[in-house]
Amino acid sequence: DITQLIYTSGTTGEPKGVVVPHRAILRLVCNSDFWQLESGERVLQAGPLGFDASTLEIWGPLLNGGTVCFIADDDLLSPGGLKRRLQAGRITQMWLTASLCNLLADEAPASFAPLRRLFTGGEALSPGHLGKILAACPDLEIYNGYGPTENTTFTTTHRVTAADLRGAIPIGRPVANTRVHIVGEAGLPVAVGERGEICAAGDGLALGYIGRAELTAGAFVELPPPVGERVYRTGDIGRWRADGVIEFQGRRDGQVKLR
């Protein structure tokens, strides 16, 4: 039942293989509610194959009659090269890490004009940078895509609007066939507006870590009633807004990203 084995270091710094089943890929790219994939879609495969975003970039178009397109690393890191590739390849959708998105937004925000939809994430988004892109590309749809590899690329998504640029950009609502529980220390759901740990459940859930039974047992747990289901503990802190949107509130540990 394994379709992908994606390695991630997470908070430990030691690579661990996440076992992703077929159903998790299908839940992400077939009959999804966060993007529309049709036979005419041309999706740019911009991420490394070992990065979980490649799941979206490759299987999304291939399982919906679209086209996977490629780009040289030099062009991806160059605003001029990226814009030429998007135009020449008639690219309609792509994913970028937040840091690379910010770099291109500073240098040439109009580079994204040929696109219909841009997904970005991997860390907290910068309202200032996304504001530059939206100003230069008013017809572009930008989505914040949040989720750990252990729940197959996206757990929640949020379309970024001008109103979001006044503060921290939300991570949005759960995608189809996905459930999110925000819980306190005892594993019980917290009230709307209260902070708690974000736990992901549903068809996107990985089987665990290959050859790491103890690590799997600590991260993939059964929450007590009223949740009463197997979840992945993300280690991220969030809270529900009254409108059903989730706001990211930081980490429950001391995770730091080093470049």
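**A friendly note on this predicted model**

1. Leu26 is partly exposed, at a relative accessible area of 43% (buried means under 20%, exposed over 50%, and partly exposed in between, with a 1.4 Å probe and protein chains only).

2. Before going on, please keep in mind that this is a predicted model, where local features need pLDDT of at least 70 and side-chain atom pairs count only at pLDDT 80 or more, while totals for chains, interfaces and linings use all residues. Residues are numbered from 1 along each chain as its sequence is written, and side-chain values use heavy atoms, leaving out hydrogens and water.

3. Leu26 also belongs to a nonpolar surface patch with Trp59, Leu62 and Leu63, and together they have about 350 Å² of accessible area. Patch members have over 30% relative accessible area and no salt bridge; like charges are joined within 9 Å, and nonpolar side chains (Val, Leu, Ile, Met, Phe, Trp, Tyr) within 5 Å. The areas come from the Shrake-Rupley method with a 1.4 Å probe, and for residues only the protein chains shown count as cover.

4. Next, look at helix α2 (residues 53-62), which is largely enclosed by the rest of the structure because seven of its ten residues are buried. The buried residues of α2 include Leu56 and Glu57.

5. Leu56 and Glu57 turn up again in the lining of the largest cavity, along with Trp35, Val43, Gln93, Met94, Trp95 and Phe119. This cavity has a volume of about 30 Å³, and β5 (93-97) gives the most to its lining, with three residues. On a 1 Å grid over the protein atoms alone, a cavity is a set of points where a 1.4 Å probe fits but cannot get out; a pocket is an open set with protein on both sides within 12 Å along at least five of seven lines, and lining residues have an atom within 4 Å of a point. Grid points are joined across faces, edges and corners, and a volume is the space filled by probe spheres set on the points.

6. The second largest pocket has a volume of about 190 Å³. Of its 14 lining residues, Val183, Gly184, Glu185, Glu197 and Arg233 are the closest to its centre.

7. Eleven salt bridges are counted, each a side-chain nitrogen of Lys or Arg within 4 Å of a carboxyl oxygen of Asp or Glu. In one, the closest N and O atoms of Lys132 and Asp106 are 2.7 Å apart. Lys132 is in helix α6 (residues 127-136) and Asp106 in helix α5 (residues 98-107), so the pair ties together parts that are 26 residues apart in sequence. Lys132 is partly exposed at 39%, and Asp106 is partly exposed at 45%.

8. Is the Arg117 side of the next pair buried or exposed? Arg117 is buried, at 1% relative accessibility, and its salt-bridge partner Glu141 (3.1 Å, N to O) is buried at 17%.

9. Finally, Asp236 and Arg251 meet in a salt bridge of 2.7 Å, N to O. This pair links strand β14 with strand β15 (residues 246-251), the two residues being 15 apart.

Notes
Helix = DSSP H or I, 4+ residues; strand = E, 2+ residues; numbered from the N terminus.
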